Amino acid sequence: SGLRMAETAENADLVLLNTCAIRDGAERKIWDRLAVLRHLKRQRFLPKYQESDRTQPHMLIGVLGCMAERLKTKLLESDRMVDLVVGPDAYRDLPRLLDVLTPEPQEQAESGGDGRAKAINTQLSQDETYADIVPVRTQTDGISAFVSIMRGCNNMCSYCIVPYTRGRERSRDIESILAEVQLLSEQG
């Protein structure tokens with residue numbers, strides 16, 4: 001799909017923040033990170049940048065995961081310049097959503113970022129378990145890894161948002177769990 005990992009956010013054309021909404025501190029960190037990214041994104045609209053060689057296109061910012069599910073349009077309407085909001089079960093829709101986000105840099109420079117396309121999918125699935133998704137681990141020096149065996153929760157505790165942000169409880173099939181553990185074992 002033409003995407004590759006950037007070394008820094010400053011060099012990235014697309015920044016995806018995978019979020020958690022269980023604790024307030026995690027959400028505050030994302031809001032702080034969005035403030036930094038907003039600054040980087042606006043720098044690309046500066047006149048000196050517009051006149052330069054334009055080796056870097058417009059920066060797209062996406063918020064993924066449970067915070068995206070919980071806050072939905074608030075993220076798109078905030079001044080943090082978020083382009084993409086994807087809930088925890090909509091990751092398979094990312095290629096289509098990214099296709100929607102074909103920025104026109106000149107239009108965006110003229111509108112101050114307000115005229116850009118936005119994309120959102122926060123639909124919760126009743127059967128998504130990530131069973132066929134093998135996590136990409138970028139740090140190879142680790143000696144442990146987490147293996148998810150279920151998603152969501154059926155308990156409706158008055159203080160907890162998990163059933164609302166991750167949906168009802170659903171378990172992975174045993175074969176996919178064993179295959180992931182085997183792969184992790186082979187990787188050391």
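Is Asp83 buried or exposed in this predicted model?

View 1. Asp83 is buried, its relative accessible area being 0%. The residue belongs to the loop that runs between α4 (73-77) and β3 (84-86). Its side chain forms a polar contact of 2.5 Å with the side chain of Lys41. A polar atom of the Asp83 side chain also lies 2.8 Å from the backbone nitrogen of Ile61.

**View 2. The four-stranded open sheet, with strand order β1-β2-β3-β4.** The pairing in this sheet is parallel. The edge positions are taken by β1 (14-19) and β4 (119-121); each has a single partner strand, so one side of each is left without a neighbour in the sheet. On average, and with direction ignored, neighbouring strands are turned by 15° against each other.

**View 3. Cys20 and Cys66, neither of which is in a disulfide.** With a disulfide requiring sulfur atoms within 2.5 Å, the model contains zero disulfides. For Cys20, the nearest cysteine sulfur is that of Cys66, 6.2 Å away. Cys20 is partly exposed, at 29% relative accessibility, whereas Cys66 is buried, with a relative accessible area of 5%.

Note on methods
Residues are numbered from 1 along each chain as its sequence is written. This is a predicted model: local features need pLDDT of at least 70, side-chain atom pairs count only at pLDDT 80 or more; totals for chains, interfaces and linings use all residues. Side-chain values use heavy atoms; hydrogens and water are left out. Buried means under 20% relative accessible area, exposed over 50%, partly exposed in between (1.4 Å probe, protein chains only). Helices (H or I, at least four residues) and strands (E, at least two) are DSSP runs, numbered from the N terminus. A polar contact is a pair of N or O atoms within 3.5 Å; within protein, one must be able to donate a hydrogen and the other to accept it, and residues adjacent in sequence count only if both atoms are side-chain atoms. Two strands pair if DSSP finds at least two bridges between them. Axes are lines fitted to C-alpha atoms, for helices over the stretch in contact, and angles run from 0 to 180 degrees between N-to-C directions.
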